[in-house]
Amino acid sequence: MTGTQGVRRVLAIDGGGLKGALPAALLAEIEERSGRRIVDQFDLIAGTSTGGIIALGLAMGLSAKEILAFYRTRGPSIFRQSAEPEGTLSARVRAGVSRLARAARSLFLSKYGSEGLREALSSVFAERLLGEAQTRLVIPAYDSMVGGPYVFKTAHHPRFKADHVRRVVDVALCTAAAPTYLPAHSFEGGASIVDGGVWANNPAGAAALEAAAILQWDMTSVRLLSLGCSQSYLAPKPNVGKIGAARGLWVTNLLMEGQACFSMATAKLLLGHPHTNPHLIRIDPQVPPGFASLDDARKIDELARLGVAAARQHLPEIERCFLIGKREPFVPKYETRRRAA
């Protein structure tokens, strides 16, 4: 039993690149208004790609405000661009040329190298290990060599003996290695690992399955908060006259939307439909089509404002369902010793 009469709380955060500023700002606003750390309120946090970076940050003891600052200060350099609006003609031309060069590179290689992200992550996490997490974690990735999910987990089950000694930086580089944007990441014991968004961009379903099948919690007492990075209306299938890039983007968005629907359907099946279970909450603000791409640093502040607005709108139900006292302390099955520097 927990300190809240058996209630277990789960947080799931979607992937979305720099659009992660939205859920980061939402969580920062909740921490600011409630005076409570998010990590103290959730028994399990799942995050994919940018959501995985947020989950790792929270579990390592960072405040959501610090994580949001990471997006603002480090986001532009990770994707080699400026967060400033393209005000002058020369600035717009330079930015346009840079975007074209990245698009051309992506035809043969990843759009960006991983050096910027690695340096940014190392500045925050240094040599810390996954086993130092203050709560249970589920971080989806994908093994492109053998073909199949590769899920990083804390030692919250006797079977999970390997991941707790992985460097947090390696875990983050794996889950965030979005195909065409960033190269696959390899580490000792794992080769060519890519973004978990390949199969679980919305990790709510994976988190619910972990709670039910692995942790074997009483699902009538599980509460799940699912955070997206913004969604936009998906137009009908473009006609044949559309250029290949437009059709490709539409197909990508379609696949992501279908995947997210399946993930939420899984969570609903295990927890009960939101109409009958008010403890399954999905927050994913609507934006116009094409509002922001996952590597558009110019939209970080706007996305953060959307996150703050969403937090204010949903704070009463979040307080009622999730901010109900500290969770039971997490005691991993295996002890983690930090590696020598």
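How many bridges join strand 3 to strand 4, and in which sense do the two strands run? Six bridges join them, and the strands run antiparallel. The legends below describe a predicted model, in which local features need pLDDT of at least 70 and side-chain atom pairs count only at pLDDT 80 or more, while totals for chains, interfaces and linings use all residues. Residues are numbered from 1 along each chain as its sequence is written, and side-chain values use heavy atoms, with hydrogens and water left out.

View 1. Helices (H or I, at least four residues) and strands (E, at least two) are DSSP runs, numbered from the N terminus; two strands pair if DSSP finds at least two bridges between them.

**View 2. Strand 3 with strands 2 and 6.** Strand 3 also pairs with strand 6 (residues 190-195), in the antiparallel sense and over three bridges. Here Tyr 142 stands opposite Val 194 of strand 6. With strand 2 (residues 44-47), strand 3 runs parallel, and three bridges join the two. Ile 45 has Leu 137 in strand 3 as its bridge partner.

**View 3. Strands 1 and 2 and the helix between them.** Strand 1 (residues 8-13) and strand 2 run parallel and are joined by four bridges. Leu 11 has Ile 45 in strand 2 as its bridge partner. From strand 1 the chain passes through helix 1 (residues 21-34) to strand 2 in a right-handed β-α-β crossover. Right-handed means that, with the strands pointing away from the viewer, the path from the first strand over the helix to the second runs clockwise. On strand 2, Leu 44 and Ala 46 point one way, Ile 45 and Gly 47 point the other way, and all are buried.

**View 4. The nonpolar cores.** A nonpolar core is a set of buried Ala, Val, Leu, Ile, Met, Phe, Trp, Tyr and Cys residues joined through side-chain atoms within 4.5 Å. The largest core has 70 residues. Those touching the most other members are Leu 11, Leu 27, Leu 56, Leu 58, Leu 121, Leu 137 and Phe 152. Residues up to four places away in sequence aside, Leu 27 touches Leu 11, Ile 13, Ile 38, Ile 54, Leu 58, Ala 64 and Leu 227; contact means heavy atoms within 4.5 Å. A second, separate core of 18 residues includes Ala 46, Ala 204, Trp 217 and Leu 280.

**View 5. The surroundings of Ala 155.** Ala 155 lies in the loop between strand 4 and helix 6 (168-175). Its relative accessibility is 1%, so Ala 155 counts as buried. Apart from neighbours within four places in sequence, Ala 155 is in contact with Phe 160, His 164, Phe 330, Pro 332, Lys 333 and Tyr 334. Pro 332 is 177 residues from Ala 155 along the chain, yet their C-alpha atoms are separated by 5.1 Å.

**View 6. The salt bridge between Arg 8 and Glu 328.** The structure holds 15 salt bridges, each being a side-chain nitrogen of Lys or Arg within 4 Å of a carboxyl oxygen of Asp or Glu. In this one, the side chains of Arg 8 and Glu 328 meet at 3.6 Å, N to O. Arg 8 is in strand 1 and Glu 328 in the segment after helix 10 (300-321), 320 residues apart. Arg 8 is buried at 13% relative accessible area, whereas Glu 328, at 25% relative accessibility, counts as partly exposed.

View 7. Arg 312 and Glu 29 meet through their side chains in a salt bridge (3.4 Å, N to O). Arg 312 lies in helix 10 and Glu 29 in helix 1, so the pair ties together parts that are 283 residues apart in sequence. Glu 29 is buried, with a relative accessible area of 13%. Arg 72 forms a salt bridge with Asp 301, with the closest N and O atoms 3.0 Å apart. Because Arg 72 lies in helix 3 (residues 64-78) and Asp 301 in helix 10, this pair ties together parts 229 residues apart in sequence. Arg 72 counts as partly exposed at 40% relative accessibility, and Asp 301 counts as partly exposed at 39%.

Conventions. Buried means under 20% relative accessible area, exposed over 50%, partly exposed in between (1.4 Å probe, protein chains only).
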